Amino acid sequence: MTPARIAAAVAAQRPLVQRLLDGVAEIGADPPGITRDAFGPGENQAQALVAEAARGLGLVLASDAAANLAMTWPGADRSAPRLMIGSHLDSVLHGGNFDGAAGVLAGLAAIAALRGLGLRPRQDITLLATRCEEAVWFQLGLIGSRAALGLLPVAALGLPRTGTGRSLADHIRDCGGEPEALAAGTRLIEPATVRAFLEVHIEQAPQLVEADAAIAVCTGIPGNIRHPRIRITGEDAHVGLPRRFRRDAALAGADLALALEALWREEEVAGRAMACTIGRFHTLADRHAMTVVPGGFEMSLDLRAYEAGHLAALEQRLHGIVARIAAARGVTIDLGERNAGAVGQMDPGIRAGLADAAARLGIAQHPLGSPASHDAADFAAAGIPTGMLLVRNRNGSHNPHEEMETADLMAAIAVLAVWLAEAGCEAA
Ligand SMILES: [Zn+2]
């Protein structure tokens, strides 16, 4: 089967892709953006839409204990390690339509194209729509893939969801899952039964726009260390208090933010890719006032890097900075809960295969480290050979202005389909 024939079969799936993109947009419509709430109606309806399309393609559907949806194209040898592709269907609050969903639809379209060509898989090909990838819902991301691979901390089941205040366990149960099985640490996917995991996802930065390339073969996914609730405690005081007596928690927070940015600049100069983000940064709303020196302050931190050793070194630096600022400002800085996401190593063979498929299809691609965390990182951390294709996207993500062109997604689907055909299909 030539790449050109596969590309033509993929192009013929464009109406299906557009119908489903429009469908998930309608489900998530929440002006000024898109909200598909995790373990809630938004994600459930998107799953139902995708499930209906998968049934139409003759795929076998199954839902696991974390209520992830698996859609399998059965292979000739059902006991052989399968190929998995997938992404997530939830979004952030007032986000864009494509973060996550585009990757699930890409998998469906690739399978539809290969089936249409009369191919059949040698082993199962499973498309996975994971639950709750976005950290906004429970202050912990990648929940569906972590749960599937036995990587979900048991304590996470008690986390309250944004918007409902109900626990993750309750939400999983509502969606037909079994939180008890997850609490027991049961692995829903045994890594040895998966030969490879591939994820298509929009790029969450404008680097492909800058490089004038439709897609990227991802070179790595950053691991992260997250502190959702850092608390700084000083002392509330009168606005007239001389500076030397103050224990100003807000200024300590400002020091911490600027010290972390200085660290980032230093690493950038040294050529070591990383990022740090302080998404929440505020005085305490029940106490703050114009005429009170703030004694309390809260912030969050996401620190990310592409190598485990580098990330560990950055965490050491963070602790040093925190100790220095606490002493200088006379405050205590409690970093609080710590969540870690593993660095996602991309498999060199899969990377080469995807790049080669793109070259043979005449599709411009540009190797790129993913700026964001993805479900794929969990599969890589579980020891499963993993690859990712990133799709050009204007205006970033996690905002209503996310903008992916369907033509660019179709290019990624063509590359995915060629890879799947060559790695795991035969003439029926
Ligand atoms: Zn995503």
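What share of the 428 residues in the protein chain is buried? Buried residues make up 50% of them. A residue counts as buried if 20 or more other C-beta atoms lie within 10 Å of its own, as exposed if 12 or fewer do, and as partly exposed in between, with C-beta atoms placed from the backbone. The model is predicted: local features need pLDDT of at least 70, side-chain atom pairs count only at pLDDT 80 or more, and totals for chains, interfaces and linings use all residues. Residues are numbered from 1 along each chain as its sequence is written.

The protein chain has 13 helices and 21 strands. These are DSSP runs numbered from the N terminus, with helices (H or I) of at least four residues and strands (E) of at least two. The C-alpha trace spans about 80 × 45 × 40 Å along its principal axes. Two residues are in contact if their C-beta atoms, placed from the backbone, lie within 7 Å. Of the contacts with a separation of 6 or more, 79% join residues 24 or more positions apart.

The domain assignment gives domain 1 (3-222 + 343-427) and domain 2 (224-341). Such bounds come from an automatic or database domain assignment. Taken over C-alpha atoms, the centres of domain 1 and domain 2 are 34 Å apart. At the interface, 9 residues of domain 1 are in contact with 11 residues of domain 2. The side of domain 1 that touches domain 2 has 5 nonpolar, 4 polar and no charged residues. Here Ala, Val, Leu, Ile, Met, Phe, Trp, Tyr, Cys and Pro count as nonpolar, Asp, Glu, Lys and Arg as charged, and the others, Gly among them, as polar.

In soluble globular proteins, nonpolar side chains tend to be buried together. The largest nonpolar core in this model has 132 residues. A nonpolar core is a set of buried Ala, Val, Leu, Ile, Met, Phe, Trp, Tyr and Cys residues joined through C-beta atoms within 7 Å. I215, L389, V415, L416 and A417 have the most contacts inside this core. Helix α13 (residues 406-424) gives the most to the core, with 13 residues. At least three core residues come from each of domain 1 and domain 2. Leaving aside neighbours within four places in sequence, L389 is in contact with V200, I215, V217, C218, L354, A412, V415 and L416.

V194 lies in strand β8 (residues 194-202). V194 counts as buried because it has 22 C-beta neighbours inside 10 Å. Beyond four places in sequence, the contacts of V194 are P81, R82, M84, I189 and I384. P81 is 113 residues away from V194 along the chain, yet their C-alpha atoms are separated by 4.9 Å.

The peptide bond from P31 to P32 is cis, with omega near 10°. P32 lies in the loop between β1 (29-30) and β2 (33-34). A67 is not a glycine, but has a positive phi of about 65°. A67 lies in the loop between β3 (60-63) and β4 (69-73). With 24 other C-beta atoms within 10 Å, A67 is buried. Q139, also not a glycine, has a positive phi of about 60°. The loop between β7 (125-130) and α5 (143-148) holds Q139. Q139 is partly exposed, with 18 other C-beta atoms within 10 Å.
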